[in-house]
Amino acid sequence: DTHKEIILPSFPLPEPSLKFMLNHAGFTIDNAYNEQLQTQRWRATSDGVIAMEVEFVGGITYNPTVFGYYRNGNPLTFVPLFTTVNIDGLPHPAYPWLIPLFPGMKRLFLIPVHAGDTIAFGIDSFNMLTFTPKLFFTENNRNLDLLDHALVYSENCGEYAIGFEDQPLLGDHDFQDMVVIT
């Protein structure tokens with residue numbers, strides 16, 4: 001992916017922007033448009049276990065959402081890591097065993113890998129009105145609409161921030177529906 005996404009102001013105002021949410025979490029972004037990376041997946045260089053700490057920065061959505069990863073470009077291998085709750089406090093109904101994380105919470109996850117494996121991330125956002133899941137991934141070609149639903153940033157310290165847009169055809173284009181730092 002070589003195309004940078006335009007980030008629109010959140011609606012309804014005054015929702016915090018992606019840049020504000022990341023800066024408030026201590027992840028410095030000066031220009032949310034110019035600093036976008038085009039990273040969609042990460043490659044393991046050796047066999048072993050990746051210890052990955054994930055911080056749920058926050059999310060502004062009416063949908064309970066699950067964050068997870070998948071392997072080697074195959075969304076059918078999606079492994080849920082944590083869930084959030086929607087504005088009514090309801091978790092994602094398809095993952096009742098997952099422990100919810102709330103903004104500012106961190107959790108360590110262990111991901112077994114083989115040399116050459118790729119890991120990519122995704123969300124399962126459950127529409128409470130239609131009772132349907134919506135899956136969006138860091139790899140554009142895995143999204144049903146083939147659009148970029150995840151923006152990735154890095155601070156040169158091995159940490160990445162990912163902001164997701166959880167609506168088909170990019171919805172309100174604010175990319176702050178699920179925001180994580182890993």
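## Terms and model

A residue counts as buried when its relative accessible area is under 20%, as exposed when it is over 50%, and as partly exposed in between. The model described here is predicted.

## The salt bridge of R41 and E139

R41 has a relative accessible area of 43%, so it is partly exposed. Its partner is E139: the two side chains meet in a salt bridge, with a distance of 2.9 Å from N to O. The pair links distant parts of the chain, 98 residues apart. R41 sits in the loop between α1 (18–24) and β1 (42–43), and E139 in the loop between β7 (132–137) and β8 (150–154). E139 has a relative accessibility of 3% and therefore counts as buried.

## The salt bridge of R71 and D117

The structure holds two salt bridges in total. Besides the pair of E139 and R41, D117 forms a salt bridge with R71, and the closest N and O atoms of that pair are 3.4 Å apart. D117 lies in the loop between β5 (106–113) and β6 (118–127), while R71 belongs to strand β3 (residues 65–71), so the pair ties together parts that are 46 residues apart in sequence. D117 is buried, because its relative accessibility is 10%.

In general, side chains of opposite charge can pair when their charged atoms come close.

D148 is buried but has no salt bridge. The nearest side chain of opposite charge is that of K4, 11 Å away. A polar atom of the D148 side chain does lie 3.4 Å from the backbone nitrogen of A150.

## Strand β3 and its neighbours

Strand β3, which contains R71, is mostly covered, with seven of its seven residues buried. In a regular strand the side chains alternate between the two faces of the sheet. From β3, T65, F67, Y69 and R71 point one way, whereas V66, G68 and Y70 point the other way. The residues on both sides are all buried.

β3 runs antiparallel to β6, and seven bridges join the two strands. β3 also runs antiparallel to strand β4 (residues 74–83), to which five bridges join it. Y69 shows both pairings: Y69 stands opposite F121 in β6, and its bridge partner in β4 is V79. β3 and β4 form a hairpin with two residues between the strands, where N72 takes a positive phi near 50°.

Definitions and conventions: Residues numbered from 1 in each chain as written. Predicted model: local features only at pLDDT ≥ 70, side-chain atom pairs only at ≥ 80, totals over all residues. Heavy atoms only, no water. Salt bridge = Lys/Arg side-chain N within 4 Å of Asp/Glu carboxyl O. Helix = DSSP H or I, 4+ residues; strand = E, 2+ residues; numbered from the N terminus. Buried < 20%, exposed > 50% of the residue type's maximum accessible area, 1.4 Å probe, protein only. Lys, Arg positive; Asp, Glu negative; His and termini not counted. Polar contact = N/O pair within 3.5 Å; in protein donor to acceptor, adjacent residues only side chain to side chain. Pairing = 2+ DSSP bridges.
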